[in-house]
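Come along and follow the entries with the model beside you.

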Amino acid sequence: MSSTAVGLGVAALLLAVPAVAQEVTLPTRSPRTGAVIFRAGGYKPRIDTEKALNGKTPYEDTFGDTSLLLVEGELQRFFYQGIGTAGLGLGLGYGEKYADAKLDDGSAAADKAALKVLPIQLNAFYKFDYAAFRWGIPLVPYAKLGLIYSPWWMTKGSATEVVEGGKGSGGKWGWGGTAGVSFLLDVLEPRFARDFDSDLGVNHSYLFAEYTHADVNNFGGKGLNLGSRRWMFGLALDY
């Protein structure tokens, strides 16, 4: 065998070794199938906007001009991934508000009044993450539209006595639309993001802000109006 042939063989082997090593060590992303979302924000039900109250403001009279703290979790399933991502989400929230109960003469009672809500939402969503994954633009706008059912219960408050005929619990149907924008955290620490994926299966993580318009009053029916206009902030994890 000639020295030229041996030299060519060695050169080919040396070129092949880095190529194989590169193929083995290249970081890969696990398949995305859905997301887990956590968010919180102020929630002020539109109880006092009910026309049947004739100008009365039972919510403000009991709780003042302040919001409940609402926390929510949502599980999303992706059904389309191409020019953006689309799918369905199921969310569950909890909010509560306490205040001094009022006696008939308007003075404060010894007990506390409490309003608690447990909104459940099924929504369809779309997020334009194509630019983030393709061009590295970290802002991801998105929108959601969904059906809401909100169980509620209240103790020693005037709102249900005025609006719901004294009932202390119930449930309201409605709908909600949300628009928001997420910031892709991967761009801040790409290596950590890859480790997060390889170790825990979390493809991407985001911080987000969103605005929700919700009408939860049995689609225009009478009684307690649990609709709201609210900002929410949170963390989203694609998996």
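**Entry 1: the setting.** I began by noting that this is a predicted model.

**Entry 2: E210.** Where does E210 sit? I found E210 in strand 8, which covers residues 204-215. Is E210 buried or exposed? With a relative accessible area of 2%, E210 is buried, because buried means under 20%.

Next I looked up the polar contacts of the E210 side chain. The side chain of Y142 makes a polar contact of 2.6 Å with that of E210. I also noted a polar contact of 3.4 Å between the side chains of E210 and R39. Then I listed what E210 touches, leaving aside residues up to four places away in sequence: R39, Y142, K144, T178, A179, G180, R230, W231 and M232.

**Entry 3: aromatic rings.** How many aromatic pairs are there in the whole structure? My search found seven aromatic pairs. I looked at the pair F128 and Y130, whose ring centres are 6.5 Å apart. Their planes are at 35°, so I wrote this pair down as tilted. F128 is partly exposed, with a relative accessible area of 28%, and Y130 is partly exposed too, at 24%.

I then turned to Y142 again, now for its ring. The rings of Y142 and F208 have centres 6.4 Å apart and planes at 85°, so the pair is edge-to-face. This pair links distant parts of the chain, since Y142 belongs to strand 6 (residues 139-155) and F208 to strand 8, 66 residues apart. Y142 counts as buried at 14% relative accessibility, and F208 counts as buried at 7%.

Which residues do ring pairs link into a cluster? I noted F128, Y130 and W135.

Entry 4: I followed the chain into the loop between strand 8 and strand 9 (228-238), where I found N218. The phi of N218 is near 55°, a positive value in a residue other than glycine.

N218 is partly exposed, with a relative accessible area of 32%. F219 counts as exposed at 53%, because exposed means over 50%.

Notes:
Residues numbered from 1 in each chain as written. Predicted model: local features only at pLDDT ≥ 70, side-chain atom pairs only at ≥ 80, totals over all residues. Heavy atoms only, no water. Helix = DSSP H or I, 4+ residues; strand = E, 2+ residues; numbered from the N terminus. Buried < 20%, exposed > 50% of the residue type's maximum accessible area, 1.4 Å probe, protein only. Polar contact = N/O pair within 3.5 Å; in protein donor to acceptor, adjacent residues only side chain to side chain. Contact = heavy atoms within 4.5 Å. Phe/Tyr/Trp six-rings, centres within 6.5 Å; stacked < 30°, edge-to-face > 60°.
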